[in-house]
Amino acid sequence: MDEREVITTLKILIIGESGVGKSSLLLRFTDDTFDPEQAATIGVDFKVKTLAVDGNKAKLAIWDTAGQERFRTLTPSYYRGAQGVILVYDVCSKQSFSKLDAWLNELETFSTKHDMVKMLVGNKIDKEKREVSKDEGLKFARKHHMLFIEASAKTKEGVQCAFEELVEKIIQTPGLWETDNKGITVGSGGGANQSGCYCVV
């Protein structure tokens, strides 16, 4: 890919409790693979993927962290400079949903860009024993001014859309990212609905 086509590099974080499927979502998005035996992330994992949204190409540097407490010392540098965050919970785990407030508090404490775009993802919708309804997720997202989508890293459903919506919103947020190329045009959005995704602000 011609580097000159890329308008910007964006730092995207994936946060949430251990076991909610953060690494699985990332692997599905970047490599289109799914490993049911995915091991817990130790510290920080990092992947780069280029994504085209509304005719603009952005390089995504996606940081996936461990959800466990013992890795929390990484926190301040991890959040620094991030333009977008994907906050993940497991729709089959009420506990992972109830911890979202604590993750948001951490985000507010350490993030350096206060207009960063937030996306709430309810993962594992392929499983039957749901403990968190779609309405509950939607309500939480609206309350905290976040985009929202339910997804399954296993079946692929919603995964691509989650990242595309997040990046589209970042590109549409003036001042959140900078570029020397003044000639770019930012699309009017609305791509989510056309692809059947269910995202709200």
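Colleague: What share of the 201 residues in the protein chain is buried?
Modeller: In this predicted model, buried residues make up 50% of the 201 in the protein chain; buried means under 20% relative accessible area with a 1.4 Å probe, protein chains only. Residues are numbered from 1 along each chain as its sequence is written, and side-chain values use heavy atoms, without hydrogens or water. Local features need pLDDT of at least 70, and side-chain atom pairs count only at pLDDT 80 or more, while totals for chains, interfaces and linings use all residues.

Colleague: How many aromatic pairs are there?
Modeller: The count is six aromatic pairs, where ring centres of Phe, Tyr or Trp (its six-membered ring) lie within 6.5 Å; planes under 30 degrees apart are stacked, over 60 edge-to-face, and the rest tilted. Tyr-78 and Tyr-79 form an edge-to-face pair, with 5.3 Å centre to centre and 75° between the planes. Tyr-89 and Phe-97 also pair edge-to-face, at 4.9 Å and 70°.

Colleague: Are Tyr-78 and Tyr-79 buried or exposed?
Modeller: Both Tyr-78 and Tyr-79 are buried, and Tyr-89 and Phe-97 are buried as well.

Colleague: Which residues form the aromatic cluster with Trp-63?
Modeller: Trp-63 forms one aromatic cluster with Tyr-78, Tyr-79 and Phe-110.

Colleague: Which residue lies over the face of Trp-63?
Modeller: That residue is Lys-11, at 4.3 Å from the ring centre; the criterion is NZ of Lys or CZ of Arg within 6 Å of the ring centre and within 35 degrees of the ring normal. The charged end of Lys-49 sits over the ring of Phe-29, 5.3 Å from its centre.
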